[in-house]
Amino acid sequence: MSSLLERIATRRAELTEQAQHLTKQLTDVQHELDRVSVAEQVITQMLTEPEPAGRDMPVPVTSTANGAAPGPGSVIIPYRHQASELSELPADYRLLLQTVTNAAGPLICKHICQTAGLGTESGQVEGTRAKLNRLAERGWLRKMPNGSFAPRPDPAP
């Protein structure tokens, strides 16, 4: 009987370790998916927008919050207190923010995707969830305890 319990405990430990490894792999894949999704959106936007006149000069490099230049594939999402206008957010982030702001109450990620006209497949929802979390971390949205997202009240003047 004792040997059977030991085998069960050993198997439980093996499965726990495997689950932790798979969770890390899933997180890594989701981050890569976010990067690819952002790259696709940026390129699509660049291809559909007309080139402004007099755009011969290089675009100045802005720095991140810690003063370093942004890395390749990075999108800078300013903290709410650092941004003077909503237009400082990339278009896809503005869409998510406006969708949550226009809602009657907190929304879960899948409902935000549906309302915004985005895909509701698992990978797309997870990519959107990462963006919503980023907006919440930067003070643009509130993440509720149940995982839904709500607008952050405007700061008092």
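This is a predicted model: local features need pLDDT of at least 70, side-chain atom pairs count only at pLDDT 80 or more; totals for chains, interfaces and linings use all residues.
Colleague: Where is T128 found, and what does T128 touch?

Modeller: T128 is found in helix α4. Leaving out residues up to four places away in sequence, T128 touches L96, C109, C113 and L118.

Colleague: L96 is in α2. Which other residues of α2 are buried?

Modeller: Besides L96, the buried residues of α2 are D92, Y93, L97, T99 and V100.

Colleague: How do you know that they line one face of the helix?

Modeller: Look down the axis of α2. The buried residues fall within an arc of 160°, so they line one face. An α-helix has 3.6 residues a turn, so residues three or four places apart point the same way.

Colleague: What covers the buried residues of α2?

Modeller: The cover includes α1 (2–48), α3, α4, β1 (141–143) and β2 (149–151).

Colleague: How does the span of α2 agree with its 12 residues?

Modeller: At 1.5 Å a residue, α2 should span 16 Å. Its end C-alpha atoms are 16 Å apart, which agrees.

Colleague: Which residues touch the most other members of the largest nonpolar core?

Modeller: That core has 18 residues, and L89, I112, L132, L135, W140, L141 and F149 touch the most other members. α2 (91–102), α3 (109–116) and α4 (122–137) each supply at least two residues of this core.

Colleague: What does W140 touch?

Modeller: Not counting residues up to four places away in sequence, W140 touches I77, P78, Y79, R80, A83, E85, L86, L89, L97, L135 and R152.

Key: Residues are numbered from 1 along each chain as its sequence is written. Side-chain values use heavy atoms; hydrogens and water are left out. A nonpolar core is a set of buried Ala, Val, Leu, Ile, Met, Phe, Trp, Tyr and Cys residues joined through side-chain atoms within 4.5 Å. Buried means under 20% relative accessible area, exposed over 50%, partly exposed in between (1.4 Å probe, protein chains only). Helices (H or I, at least four residues) and strands (E, at least two) are DSSP runs, numbered from the N terminus. Contact means heavy atoms within 4.5 Å. The expected span of a helix is 1.5 Å times one less than its number of residues. The arc is that of the directions from the helix axis to the C-beta atoms.
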